[in-house]
Amino acid sequence: MAKQADTRTAGRKPVAKATRSAAETEKIRAALAARRDELSAEYDQTLSEITELQRDRLTDSAGDDQADTGTKTFEREQEISLANSIKERITQVERALERLDEGGYGWCERCGNPIPVERLAAFPSATLCVTCKQLEERR
């Protein structure tokens with residue numbers, strides 16, 4: 001499936017992308033893979049805890065009033081929200097690994113400028129440079 005041309009970058013000069021050494025690429029890949037594995041383990045643990053809590057709630061619901069039921073529903077939604085957040089972070093790391101394979105890792109998807117190393121160190125799955133991220137957050 002072909003990508004549509006991004007009108008935000010039309011008319012801009014493409015920035016020459018510096019090549020990364022194979023050792024640097026493998027170091028980045030190993031760090032991203034380790035982070036993905038860590039998040040996957042956290043996700044699996046969270047799902048296990050949610051399942052266990054659900055079982056406990058089902059067996060311990062006799063005599064619950066509306067407030068108890070509401071509290072349990074709120075807690076369940078919080079737990080599911082946490083699991084979804086972890087899953088989204090896994091997806092971001094997997095996307096970063098794909099970008100690394102394609103040669104686009106470390107380059108802003110919007111303007112094509114390099115993403116500062118400090119930003120990548122703090123947020124390895126970043127897809128936007130600081131300037132473009134700030135513009136996005138203002139919208």
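What share of the 139 residues in the protein chain is buried? Buried residues make up 24% of the chain, where buried means under 20% relative accessible area, exposed means over 50%, and partly exposed lies in between (1.4 Å probe, protein chains only).

## Model and confidence

This is a predicted model, in which local features need pLDDT of at least 70 and side-chain atom pairs count only at pLDDT 80 or more, while totals for chains, interfaces and linings use all residues. Residues are numbered from 1 along each chain as its sequence is written, and side-chain values use heavy atoms, with hydrogens and water left out.

The pLDDT is the predictor's confidence in each residue, from 0 to 100. Its mean over the protein chain is 82, and 83% of the residues reach 70 or more. Residues 1-16 have a pLDDT below 50, and this stretch has 11 contacts in the model beyond near neighbours in sequence; contact means heavy atoms within 4.5 Å. Where pLDDT is low, the predicted coordinates should not be read in detail.

## Overall fold

The protein chain has four helices and zero strands, in the order α-α-α-α along the sequence. Helices (H or I, at least four residues) and strands (E, at least two) are DSSP runs, numbered from the N terminus. Confidence is lowest in helix H3 (residues 117-122), with a mean of 88, and highest in helix H4 (residues 130-138), with 92.

Of the contacts between residues at least 6 apart in sequence, 59% join residues at least 24 apart. The accessible surface of the chain is about 10000 Å², and carbon and sulfur atoms account for 52% of that surface. Accessible areas come from the Shrake-Rupley method with a 1.4 Å probe; for residues, only the protein chains shown count as cover.

H2 has 37 residues and spans 53 Å from its first C-alpha to its last, close to the 54 Å expected at 1.5 Å a residue. The expected span is 1.5 Å times one less than the number of residues in the helix. Buried residues in H2 include Lys72, Glu79, Ala83, Ile86, Leu97 and Leu100. After H2 comes Gly103, with a positive phi near 90°.

Thr46 lies in H1 and is buried, at 9% relative accessibility. Leaving aside neighbours within four places in sequence, Thr46 is in contact with Glu79, Leu82, Ala83 and Ile86. Arg29 is also found in H1, but counts as partly exposed because its relative accessibility is 24%. Arg29 and Leu97 are 68 residues apart along the chain, yet their C-alpha atoms are separated by 6.6 Å.

## The nonpolar core

A nonpolar core is a set of buried Ala, Val, Leu, Ile, Met, Phe, Trp, Tyr and Cys residues joined through side-chain atoms within 4.5 Å. The largest one here has 20 residues, and those with the most contacts inside it are Leu32, Tyr105, Cys108, Cys129 and Cys132. Helix H1 (22-59) and helix H2 (66-102) are the elements that give two or more residues to this core. H2 gives the most, with seven residues.

## Cysteines and their surroundings

The structure holds zero disulfides, a disulfide being a pair of cysteine sulfur atoms within 2.5 Å. Cys108 is in no disulfide, and the nearest cysteine sulfur, that of Cys132, is 3.6 Å away. The sulfur of Cys129 also has Cys132 as its closest cysteine sulfur partner, at 3.6 Å, which is too far for a bond. Cys108 is buried, with a relative accessible area of 5%; Cys129 is buried as well, at 7%. Cys132 sits in helix H4 and counts as buried at 5% relative accessibility.

Not counting residues up to four places away in sequence, Cys108 is in contact with Asn113, Ile115, Thr127, Leu128, Cys129 and Cys132. On that basis Cys132 touches Cys108, Arg110 and Cys111. Cys132 and Asn113 are 19 residues apart in sequence and 9.8 Å apart in space, C-alpha to C-alpha. Arg110 lies in the loop between H2 and H3 and is buried, with a relative accessible area of 9%. Arg110 and Lys133 are 23 residues apart in sequence, with 9.3 Å between their C-alpha atoms.
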